[in-house]
Amino acid sequence: MSIPTTGESYAKLMEHLRLAQEDAAMLAHLRRAEGDDKGRILADGWLAVSEALKLMQHQVTGLAQGRLQ
């Protein structure tokens with residue numbers, strides 16, 4: 001078993017964040033496609049989660065580059 005590196009850990013974290021963001025966006029799309037009021041409200045919530053995960057990716061990248069925000 002190899003010793004984990006910073007770069008490998010960063011790449012793994014970013015991949016998980018990217019996949020989570022894509023899944024949240026897909027949930028928003030699927031809920032909106034239901035066409036009812038409840039689906040539209042839930043779609044907006046999932047879209048907000050998707051956008052928050054995008055922001056998290058940006059913040060993680062900044063930390064990886066050594067910038068404190």
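Select aspartate 44 and arginine 32 to begin: the two form a salt bridge, with their closest N and O atoms 2.7 Å apart. A salt bridge here is a side-chain nitrogen of Lys or Arg within 4 Å of a carboxyl oxygen of Asp or Glu. Aspartate 44 lies in helix 2 and arginine 32 in helix 1, so the pair ties together parts that are twelve residues apart in sequence. Helices are DSSP runs (H or I, at least four residues), numbered from the N terminus. Aspartate 44 is partly exposed at 45% relative accessible area, and arginine 32 is partly exposed at 37%. On this scale buried means under 20% relative accessible area, exposed over 50%, and partly exposed in between (1.4 Å probe, protein chains only).

The model is predicted: local features need pLDDT of at least 70, side-chain atom pairs count only at pLDDT 80 or more, and totals for chains, interfaces and linings use all residues. Residues are numbered from 1 along each chain as its sequence is written, and side-chain values use heavy atoms, with hydrogens and water left out.

Next, select residues 6-33 (helix 1) and residues 37-64 (helix 2), which pack at an angle of about 165° with their axes 7 Å apart. That angle makes helix 1 roughly antiparallel to helix 2; the term applies to angles over 145 degrees. The axes are lines fitted to C-alpha atoms over the stretch in contact, and angles run from 0 to 180 degrees between N-to-C directions. By class, the contact of the two helices has 18 nonpolar, five polar and six charged residues. Nonpolar covers Ala, Val, Leu, Ile, Met, Phe, Trp, Tyr, Cys and Pro; charged covers Asp, Glu, Lys and Arg; the others, Gly among them, are polar.

Move to serine 50, in helix 2. Serine 50 counts as buried, at 2% relative accessibility. Neighbours within four places in sequence aside, serine 50 is in contact (heavy atoms within 4.5 Å) with Gln21, Ala24 and Ala25.

Now return to the salt bridges, of which the structure holds six. Select glutamate 15 and arginine 18, whose side chains meet at 2.7 Å, N to O. Both lie in helix 1, three residues apart, about one turn of the helix. Glutamate 15 is partly exposed at 34%, and arginine 18 is partly exposed at 31%.

Finish at glutamate 34 and arginine 31, whose side chains meet in a salt bridge at 3.3 Å, N to O. Glutamate 34 is partly exposed at 45%, as is arginine 31 at 29%.

Conventions:
Helices (H or I, at least four residues) and strands (E, at least two) are DSSP runs, numbered from the N terminus. Angles under 35 degrees count as roughly parallel, over 145 as roughly antiparallel, 65 to 115 as roughly perpendicular and the rest as oblique.
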